[in-house]
Amino acid sequence: MSTFWHWWIVLLTIACLALVTWILFATRHAQRKDITEETTGHDHDGIEEYDNPLPHWWFLLFVITLVFTAGYLILYPGMGYWAGVFGWTSTGELERTELKHERRYAPEFARYGATPVEELLNNPRALKMGQRIYLNNCAVCHGTDAGGSFGFPSLLDDNWLYGGTPEAIKTTLLYGRKGAMPAWEAILGEQGVRQVASYTRELSGIDSGANPNDLAAGKTIFQNNCTVCHGADGKGNLTLGAPNLTNNIWLYGSTQARVEYTIRRGRNGVMPPWKDILGEDKVHLVTAYVYSLTHKEPEG
């Protein structure tokens, strides 16, 4: 904040308080001192307004409010870059709250963090904590029900780009992922894009309506260009995060136009790393919650 705006806020605030104080006392002195039956002349639905002074207790409430305001502006920030006698800041308050939270829950997080994910499936409290962390951080992309959305995978179908084991899920959460589907338009041309899109949809069991010649051409294109990532059978590659193309689960849509767009322009999805934001113990709890979505609790 510049010096100009600092003094602008200070002077404007003081002027407003002074004006309000003057109005309060000036009108107080101008009021009649006795209670009368005279009215102000205002009439609405037969109800008239008496011309009587403001009750003393009400006047005192206004005075107390003004005194409180002056005291607050001395003790706390509110006058430009004046920090207040207490030096309070919202950042400092947040840090104190976070520190208090860590002192209270860190031992519990550490205990759960050292417990295997499979064992946490039998711990409702741990899963509830993992769910709350998920809702506060992950639901914006994957949905509150973990059902995903366009470009964000569902966590309910046990179909994983990088693996669905607890270790793989935790690695994804800790370090993030970066999808890299290259653009093929310049290499395949528009006809090639259309043919391989049709063939890819057929792999998933979708009737693309393409003629046999186009499907045969699409298969050839697929085998010559796409198998290095998606495999000869189209079932994907967990190491690369290349999706399975045979299960009719689509991250960016399954229509001919959507599939063509994906092939033509490529896709570059990003899953951010959460290690530095949540810490390993909280990531472990989220891992347990996400894993529980597709795995029933083992019978004891």
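Contact means heavy atoms within 4.5 Å. The exercises below use this term for a predicted model.

**Exercise 1. Identify the buried residues of helix H3 and state which helices are among those covering them.**

Solution. Helix H3 spans residues 90–113. Its buried residues are Gly92, Glu108, Phe109 and Tyr112. The elements that cover these buried residues include helix H4 (117–120), helix H5 (124–137) and helix H13 (280–292).

**Exercise 2. Locate the kink in H3 and give its angle.**

Solution. The kink lies at Tyr105 and amounts to about 50 degrees.

**Exercise 3. Determine whether H3 and H13 are roughly parallel, roughly perpendicular or oblique, and describe their contact.**

Solution. Two packed helices are described by the angle between their axes and the distance between the axes. For H3 and H13, the axes come within 9 Å and cross at roughly 55 degrees. Angles under 35 degrees count as roughly parallel, and those from 65 to 115 as roughly perpendicular. H3 and H13 are therefore oblique to each other. Their crossing is left-handed. On the H3 side, the contact is made by His101, Glu102, Phe109, Ala110, Tyr112 and Gly113. On the H13 side, Asp281, Lys282, His284 and Leu285 take part. Phe109 and Tyr112, which belong to this contact, are also among the buried residues of H3.

**Exercise 4. Decide whether Leu24 is buried or exposed, and find its contacts.**

Solution. Leu24 is located in helix H1 (residues 3–30). Its relative accessible area is 12%, and buried means under 20%. Leu24 is therefore buried. Leaving aside residues up to four places away in sequence, Leu24 touches Phe59, Phe62, Val63 and Leu66.

**Exercise 5. Carry out the analysis of burial and contacts for Thr172.**

Solution. Thr172 belongs to helix H7 (residues 166–175). Because its relative accessibility is 15%, Thr172 counts as buried. Its contacts, not counting residues up to four places away in sequence, are Tyr162, Arg177 and Met271.

**Exercise 6. Describe the surroundings of Gln256.**

Solution. Gln256 is found in helix H11 (residues 256–265). An α-helix has 3.6 residues a turn, so residues three or four places apart point the same way. The side chains of Gln256 and Glu260 are joined by a polar contact of 2.9 Å. With residues up to four places away in sequence not counted, Gln256 touches Arg194, Ala197, Ser198, Arg201 and Ser208.

How values were computed: Residues are numbered from 1 along each chain as its sequence is written. This is a predicted model: local features need pLDDT of at least 70, side-chain atom pairs count only at pLDDT 80 or more; totals for chains, interfaces and linings use all residues. Side-chain values use heavy atoms; hydrogens and water are left out. The bend at a residue is the angle between axes fitted to the seven residues ending there and the seven starting there. Helices (H or I, at least four residues) and strands (E, at least two) are DSSP runs, numbered from the N terminus. Buried means under 20% relative accessible area, exposed over 50%, partly exposed in between (1.4 Å probe, protein chains only). A polar contact is a pair of N or O atoms within 3.5 Å; within protein, one must be able to donate a hydrogen and the other to accept it, and residues adjacent in sequence count only if both atoms are side-chain atoms. Axes are lines fitted to C-alpha atoms, for helices over the stretch in contact, and angles run from 0 to 180 degrees between N-to-C directions. Angles under 35 degrees count as roughly parallel, over 145 as roughly antiparallel, 65 to 115 as roughly perpendicular and the rest as oblique. A crossing is left-handed if the near helix is turned anticlockwise from the far one by less than a right angle, and right-handed if clockwise.
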